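This briefing covers strand pairing, salt bridges and a helix contact, in that order. Please read it alongside the sequence and coordinates shown here.

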Amino acid sequence: MNEIKMITEALQSGEVQAGYDAGKIKKWAKTFQELKNPRVVKLYPVRDTRYDDSLYRTFAFSLDGKDIDEQLLTQIKEVMSQVEIGDIRYDSVQSAGFDYYFLEEGTGKHITDGRGKSTMKDEDRSGVMNVSDMFDGIVLYTGCAHFSSDIKKELDCSYAFIGLEKEPDEYKFVTMANKYLKLPSTVETIWEQASGDEEEETNPVVKKYQSIMQILTYVLIAAAIIWYFFFR
């Protein structure tokens, strides 16, 4: 029995199989069963990049759950190799957001500029999202892990599941770390092998990413000051 079939059966029934983590399977199964037309998809790493103390892995998957053939995967990797690190870092922030998976049925293209229920504007698109939309039926996203974090939980993922959360185009996407599926690790040497790219400060995507992080820093500082003076 192949892995996708085994994982799907576990999520459909909520019963643990093949030594999977019982707690995670039950949690995932609840979400899986609430989605319309849910399916397990195989994740293909197409680029690993590191910057400062953070590691980024960009994945590709087929929206319909089918395998991606080697020729197409090679094409995706070639295009992704030209994407700047700033776009990859920015994409890691976007792909963790709620409106990243507003997708056109069949093609997997991202719905932006307020079409449908998406609130993402065209100017907010990352280079990774643009690459994603070049390939019909393929979706790309970027995961991020800090050096001190649990990389095996964040980036060591070979499978995920996706399904419609709200019609007509709002998908929910959930990655499943290999450690919970008792699968071999794919990130044992990822830190050493990842390319250490430098980003250009003139890149507008980089500036947008830096602005987001700067605002977050200010918010955290303000919250700390308020707590110190009023609630301590």
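In this predicted model, strands β5 and β6 pair in the antiparallel sense over eight bridges. The two strands form a hairpin, with three residues between them. A search of the whole structure also finds four salt bridges, and helices α1 and α2 have axes that come within 7 Å.

**Strand pairing**

**Salt bridges**

- One of the four salt bridges joins Glu167 to Lys36, with the closest N and O atoms 2.9 Å apart. Because Glu167 lies in the loop between β5 (157-166) and β6 (170-177) and Lys36 in strand β1 (residues 36-42), the pair ties together parts that are 131 residues apart in sequence.
- Lys36 is partly exposed, its relative accessible area being 44%.
- Arg57 forms a salt bridge with Asp48, and here the closest N and O atoms are 2.7 Å apart.
- Arg57 has a relative accessibility of 4% and therefore counts as buried, the cut-off being under 20%.
- Lys109 forms a salt bridge with Asp136, the separation of the closest N and O atoms being 3.2 Å. Lys109 is in the loop between α4 (85-94) and α5 (127-132), while Asp136 is in the loop between α5 and β4 (138-146), so this pair ties together parts that are 27 residues apart in sequence.
- Within this pair, Lys109 is partly exposed at a relative accessible area of 25%, whereas Asp136 is exposed at 58%.

**Helix contact**

- The axes of helix α1 (residues 3-13) and helix α2 (residues 22-34) come within 7 Å and cross at roughly 80°. Angles of 65 to 115 degrees count as roughly perpendicular, so α1 is described as roughly perpendicular to α2.
- On the α1 side, the contact is made by Thr8, Ala10, Leu11, Gln12 and Ser13. On the α2 side, Ile25, Trp28, Ala29, Phe32 and Gln33 take part.
- The residues of this contact comprise six nonpolar and four polar ones, with no charged residue.

Definitions and conventions:
Residues are numbered from 1 along each chain as its sequence is written. This is a predicted model: local features need pLDDT of at least 70, side-chain atom pairs count only at pLDDT 80 or more; totals for chains, interfaces and linings use all residues. Side-chain values use heavy atoms; hydrogens and water are left out. A salt bridge is a side-chain nitrogen of Lys or Arg within 4 Å of a carboxyl oxygen of Asp or Glu. Helices (H or I, at least four residues) and strands (E, at least two) are DSSP runs, numbered from the N terminus. Buried means under 20% relative accessible area, exposed over 50%, partly exposed in between (1.4 Å probe, protein chains only). Two strands pair if DSSP finds at least two bridges between them. Axes are lines fitted to C-alpha atoms, for helices over the stretch in contact, and angles run from 0 to 180 degrees between N-to-C directions. Angles under 35 degrees count as roughly parallel, over 145 as roughly antiparallel, 65 to 115 as roughly perpendicular and the rest as oblique. Contact means heavy atoms within 4.5 Å. Ala, Val, Leu, Ile, Met, Phe, Trp, Tyr, Cys and Pro count as nonpolar, Asp, Glu, Lys and Arg as charged, and the others, Gly among them, as polar.
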